[in-house]
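These are my notebook entries on one structure.

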Amino acid sequence: IILNYNVRYFLEQCVISVQKALESIDGEIIVVDNHSMDDSCEMIRNNFPDVKLISNNQNLGFPKGNNLGVSMAKGEYICILNPDTVVAEDTFTKVLEFAKAQKDLGIVGCKLIDGRGNFLPESKRGVPTPWVAFTKIANLYKLFPNTSLFTKYYAQHISAYQTGAVDVLVGAFMIMKRELYLQVGGFDEACFMYSDDIDLSYSVKKLGLENYYFADTAIIHYKGESTVKDQNYMNRFREAMQFFYNKHFRRSFFFEYMMRMGAFVFVLFKAKTKSEKIYPKKYLVLSENLSLQQRLAGIFKKNTILVTEISEKKLNSQLIKTNEQTEVVFDGDVLSFKSIIHLMQKAADPKITYKIKPANTSFIIGSNSSEERGEVLVLD
């Protein structure tokens, strides 16, 4: 189930990756479009005729849109997937194998990385009690990463490389049995932003089932926590937590106090975050296609090097040679998504950004910051 809203090129790349990951699985792809103003629906109809498209005449929101998609699904398992994600070719086979081995299965999530190969901590989380929510707002989990009192929001008792039970998983990637999704009522359509996946995870936990973070596969989630971290973000976060408490617990005056304290610390230390614009000095094109390199060189007007020996060792040797800001362009006609995701993680570095040209397309796409929306360069 892929809920889309105005991210046509990210959606196309996502569907390409999902199709490859479903080649050995009996599955279906359902795209629910929340009244996009771009040509998302036309692209799906033209490029992916086998994809089931639900085109809404209004923006129904995240919970209702996903619920509509699930209502049309036929599979034993469902995957809730953001359109700004890229899955590896073996992601679903690995996760399903793990899921089928669990006797107390709730929801399974996996490792999420951003567009620069960095681990996204929201891949695994704890129940946001008033204190836990405060540690998130006040950034205490970053200041005291080795103190369990402050590290529950992002379930830091489990490392990014360790599979284990956690309380809450992120709505960008969730796999569970369709029957279970329907049993708990799916996403609560009264939810505020930021709490729908928390609410669904906790509703499953209340049935005595376990939610699992599965570390043996990684996917790209470009936007990550894409909202600018300003006062409005803090207010929406507070509203989301308040919805969660009102639904599952009684009203908490302690929560109100902790949120006010958190807001004070947030405004004092965080303020409005802006990502610096990145201007690469050099480009590495991992491809066997000389014409692609020449085409990009004409567009970038900077040193653009074709790397035909595509390996982790060769990429690292190229990157070690320079201290310049470098952008790596992966050619999806040559490289699998699994290989791309692997290389992004292994070569993650502040001086490196990444873009992908998905197979059989004429655009390159990526994101230089999980704080901002991604970038698309159309080659035609």
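Is Cys-41 buried or exposed? I find Cys-41 buried, with a relative accessible area of 12%; buried means under 20% relative accessible area, exposed over 50%, and partly exposed in between, with a 1.4 Å probe and protein chains only.

I note that this is a predicted model, in which local features need pLDDT of at least 70 and side-chain atom pairs count only at pLDDT 80 or more, while totals for chains, interfaces and linings use all residues. Residues are numbered from 1 along each chain as its sequence is written, and side-chain values use heavy atoms, without hydrogens and water.

**Cysteines.** I looked up Cys-110 next and found it buried, at 1% relative accessible area. The cysteine sulfur closest to that of Cys-110 belongs to Cys-79, 8.1 Å away, which is too far for a bond. A disulfide is taken as a pair of cysteine sulfur atoms within 2.5 Å, and by this rule I count 0 disulfides.

**Overall fold.** I recorded 13 helices and 15 strands in the protein chain; these are DSSP runs, helices being H or I of at least four residues and strands E of at least two, numbered from the N terminus. The protein chain has 380 residues, of which 55% count as buried. Of its contacts (heavy atoms within 4.5 Å) between residues at least 6 apart in sequence, 74% join residues at least 24 apart.

**Loop residue.** I located Ser-311 in the loop between β11 (303-307) and α12 (312-320). Ser-311 counts as partly exposed, at 25% relative accessibility.
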